[in-house]
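Subject: Handover of a structure and notes on its contents

Dear colleague,

Please find below the structure that I am passing on to you. My notes on what was found in it follow directly after.

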Amino acid sequence: METQRQWVLIQIFQVLCGLTQRTVTSVLGMDLLSGTYIFAVLLACVVFHSGAQEKNYTVREEMPENVLIGDLLKDLNLSLIPNKSLTSAMQFKLVYKTGDVPLIRIEEGTGEIFTTGARIDREKLCAGIPTDELCFYEVEVAILPDEIFRLVKIRFLIEDINDNAPLFPTTVINISIPENSAINSKYTLPAAIDPDVGINGVQNYELIKGQNIFGLDVIETPEGDKMPQLIVQKELDREEKDTYVMKVKVEDGGFPQRSSTAILQVSVTDTNDNHPVFKETEIEVSIPENAPVGTSVTQLHATDADIGENARIHFSFSNLVSNIAKRLFHLNTTTGLITIKEPLDREETPNHKLLVLASDGGLVPARAMVLVNVTDVNDNVPSIDIRYIVNTINDTVVLSENASLNTKIALITVTDKDADHNGRVTCFTDHEIPFRLRPVFSNQFLLETAAYLDYESTKEYAIKLLAADAGKPPLNQSAMLFIKVKDENDNAPVFTQSLVTVSIPENNSPGVQLTKVSATDADSGPNAEISFLLGPDAPPEFSLDRRTGMLTVVKKLDREKEEKYLFTVLAKDNGVPPLTSNVTVFVSVIDQNDNSPVFTHNEYNFYVPENLPRHGTVGLITVTDPDYGENSAVTLSILDENDDFTIDSQTGVIRPNISFDREKQESYTFYVKAEDGGRVSRSSSAKVTINVVDVNDNKPVFIVPPSNYSYELVLPSTEPGTVVFQVIAVDNDTGMNAEVHYSIVGGNTRDLFEINQTTGNIIMKEKCDVTDLGLHRVLVKANDLGQPDSLFSVVTVNLFVNESVTNATLINELVHKSSEAPVTPNTEIADASSPTSDYVKILVAVVAGTITVVVVIFITAVVRCRQAPHLKAAQKNKQNSEWATPNPENRQMIMMKKKKKKKKQSPKNLLLNFVTIEETKVDDVDNDGNSITLELPIDLEEQTMGKYNWVTTPTTFKPDSPDLARHYKSASPQPAFQIQPETPLNSKHHIIQELPLDNTFVACDSISKCSSSSSDPYSVSDSGYPVTTFEAPVSVHARPTDSRTSPIEICSEI
């Protein structure tokens, strides 16, 4: 169970490390499933993720060439690396010291490891290590390119094979045994030596031809060596036989088994009762490796209880002592003093085992083991081993200047044969260079690029590597590593000028050389060879020498067509791929006076109004000259000394010195000269004609009617569409300024008439009825079509609708009186409130005042309105100024009295009246006795050239108050009447009120006629102001008038 658990842990560690396959080698005497191994696996994980890995393989020695050992691509799971955009294919590169012959090779493309022709001899590779230690061979493999760089340390465990036979130190072994040796006495024989280890080492000894007198036994020493011992099996008698010759065979345990033999010659000697005895059988001493020759190592002491010759002790090294130890140490055979024979070297052999024998001449010598530990002194300088990852040429690295950061160059291994801190080595470079040493394994560093290289700044580097140990004093070593930077085409050509500016006079000869462009390239070789080319925007007028960069004009230039040329010149090197740069060439063409001034027109025609003031602007003469500078500076003048006009010599503005009169002269003609400022000046001329144009300075004048006081009789029976009158106006201007259009702009309150805008014919629009009889005032406007502003005149046309004219004097008087009243202009904007709504508001206001009074008034009004025919007969007989005024939307009788004062008015002003409405709020606590007054001005000017603005927005009216003032400023048509004095006036149907004569109303006899919105647009309901119910008495004030008043009858039918 424990084994399974540990194996599961190993698998988990392998997954964490990204390893799915690993070679596990079982070595005798080492438990790979131990905690130490698990720790090693964890450490390998850390190394793996840091970019450095270790991989172990097992290789038997003496393997033939091209034997597959492993596959790094699979063993390191590199096939699972996500696909990347690599600069080159994955490569496996073996890193080894220059001059070394590697024992293995690796396929760079696949990562497969094979043996080479070099012999793998474990005994040679690991000659200096104890036989009980493992033998390893290490190499490093770099995995390229840099995007997936890894450094893998591969450790090959060299497996021993049985390729060596065990051998005795000598082929003849001589041994002496005393004749009185007891049976089963044992005497040690020299041991055989086998370079192989383990089972392939010495395993068994065999005595051949022992003659049943001697036998052989094998014992194992504490160090693990097998020692043969000769056993006496029978009593010896020197006098009977003093010498025995036998053979000793030694065998190893390998396959195939190897063995060797030696001749054993035993001499039987006389009796020696006591054996030598060492005072100490095991001695361990330490001696520095720099101890001088002759220095005592140790003094051995042995004693023998015998006397005489048998007590004389002889010291010697056992044949098991290595030849190196025998060479380095001297043993005094008499005194047992061991001294240094040759200088020691801990790095060569750190400890020595000296097996010393003390013999008194007897057959059983005493044994003492002396373990000499050679202590370290800092006597070795560090060594620097450079193993290149990139290819070299004559031991010089050639590196492209385009090499990316962290490009791996070499594996630097620093070692020191000394131990502990004397062997602790640091490695560094001596100055600032674009390279760095990155630690990967213990005492191993990767030399890689730390910055981008630039061939142009540094072409080669001599890197001095320094290695220093930590001894006191420290020892150091240095090594040189040479890197040459390979030039790449990474520099585009550079022009010596950022802008090439050149000028040339126009009209040049083809083939003129302008300038020479030049450029340099910081690269070398073909990368610095430059060719010059014209850019794609270069015009065909230029050519460029590809090699020299000479710019030439190949065509004749004309500044007037093109005054400057702006194009690019390219410089391209011969690198792969080639690099280019460009410079802007500016060619300025110098002007020559080869063009005459040019007028924009061959002949100029100007039209000026006849009222243009003297020295005003007639027009502008524009002249151009394609030349430049003084050659294009044009001066203008009038030829033939014309004093009627002047021209500005610079601006070309023509001004008159005379006043125009179209009736005297309609046009003027002269010539203008234009002359440039060139050294040899050029000139041209143009004809100028000035035409005098009529000005709209006359307004239309009415011929018919001759005045505002004339009138025209219109029969009531006139059919609609009949021309009842024609107005005629004339304009003294010409053309459009004299064309007159007519329109009705005021009066015509019954909308009975319309006018033809071109002929001035006033046409009957609707059939007349009884209510239309009377005087109708029509305000006619005549305006011309002059530009920019038309002029107009206004005339009053009086149309008297009646069967005949019986009293012309009375009509003339009526015309004159009505002319003093304002004429209400036509409005195009509909009133905000309809007559019906105003009527409802007034009605509600009256009803709210007192229902009783309204009922009484209603009954009375009905009775009286039924007598309307009698009122009409009375109107015909009435010869004074009594007028009945219908207002179908007023449901109450209003008594009003107005005094009128005649005022003279200017001929251009029709009327100016002010009407004041005053409202007193008796029930308002906050406004005790306050009144609101509205004064409405009406100013109608016939000669005004602007637009009419007939709408006045009151600001002092209380909201919803009735617009009673509209009644007093209206210009209703005069009622038709006949002089019938005998017709009595039925006062029963009328309420008499004095009103001003200039405010007249027409009576109505039907509620339907009075309710029509077109019959009387000047009633209360037609007011543009909101109607308000008056709760306070309303007083209507008029301007003071004379004492003449006329009683007016007002009939309101409910």
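Which side chain does Asp217 meet in a salt bridge? The partner of Asp217 is Lys186, with 3.0 Å from N to O. A salt bridge is taken here as a side-chain nitrogen of Lys or Arg within 4 Å of a carboxyl oxygen of Asp or Glu. Asp217 belongs to strand β11 and Lys186 to strand β9 (residues 186–188), so the pair ties together parts that are 31 residues apart in sequence.

Before the further findings, a word on the basis of these notes. The model is predicted, so local features need pLDDT of at least 70 and side-chain atom pairs count only at pLDDT 80 or more, while totals for chains, interfaces and linings use all residues. Residues are numbered from 1 along each chain as its sequence is written, and side-chain values use heavy atoms, with hydrogens and water left out. Helices (H or I, at least four residues) and strands (E, at least two) are DSSP runs, numbered from the N terminus. A residue is called buried under 20% relative accessible area, exposed over 50%, and partly exposed in between (1.4 Å probe, protein chains only).

Salt bridges

The structure contains 26 salt bridges. Side chains of opposite charge can pair when their charged atoms come close. In the pair described above, Asp217 is partly exposed because its relative accessible area is 23%, and Lys186 is likewise partly exposed, at 39%.

A further salt bridge joins Asp376 to Arg346, whose closest N and O atoms are 3.2 Å apart. Asp376 sits in the loop between β23 (366–375) and β24 (383–388), and Arg346 in the loop between β21 (337–340) and β22 (351–359), so this pair ties together parts that are 30 residues apart in sequence. Arg346 has a relative accessible area of 14% and is therefore buried.

Arg559 and Glu563 also form a salt bridge, with 3.0 Å between the closest N and O atoms. Here Arg559 is buried, at 6% relative accessible area, whereas Glu563 is partly exposed, at 40%.

Beyond these pairs, a network of salt bridges links Glu138, Glu140, Lys153, Arg155, Asp385 and Arg387.

Cysteines

How many disulfides does the structure have? The count is one disulfide, where a disulfide is a pair of cysteine sulfur atoms within 2.5 Å. The link runs from Cys126 to Cys135, with an S to S distance of 1.6 Å. It is right-handed, with 75 degrees about the S-S bond of Cys126 and Cys135. Cys126 and Cys135 are both buried. Cys427 is buried too, with a relative accessible area of 11%, and Cys768 is buried with a relative accessible area of 11%.

Surface patches

Patches are made of residues with over 30% relative accessible area and no salt bridge; like charges are joined within 9 Å, and nonpolar side chains (Val, Leu, Ile, Met, Phe, Trp, Tyr) within 5 Å.

A nonpolar surface patch consists of Ile851, Val855, Phe858, Ile859 and Val863, which together have about 460 Å² of accessible area. Accessible areas come from the Shrake-Rupley method with a 1.4 Å probe, and for residues only the protein chains shown count as cover. Val855 is located in helix α8 (residues 851–865) and is partly exposed, with a relative accessible area of 42%.

Contacts across the sequence

Three further residues may be of use when you inspect the fold. Ser681 is in the loop between β49 (667–675) and β50 (683–693) and is partly exposed, at 36% relative accessible area.

Val589 is part of strand β41 (residues 580–590) and is buried, at 5% relative accessibility. Val589 and Lys564 are 25 residues apart in sequence, and their C-alpha atoms are 5.7 Å apart in space.

Val801, in strand β59 (residues 792–801), is buried with a relative accessible area of 0%. Its C-alpha atom is separated by 9.4 Å from that of Ser717, which is 84 residues away along the chain.

With kind regards
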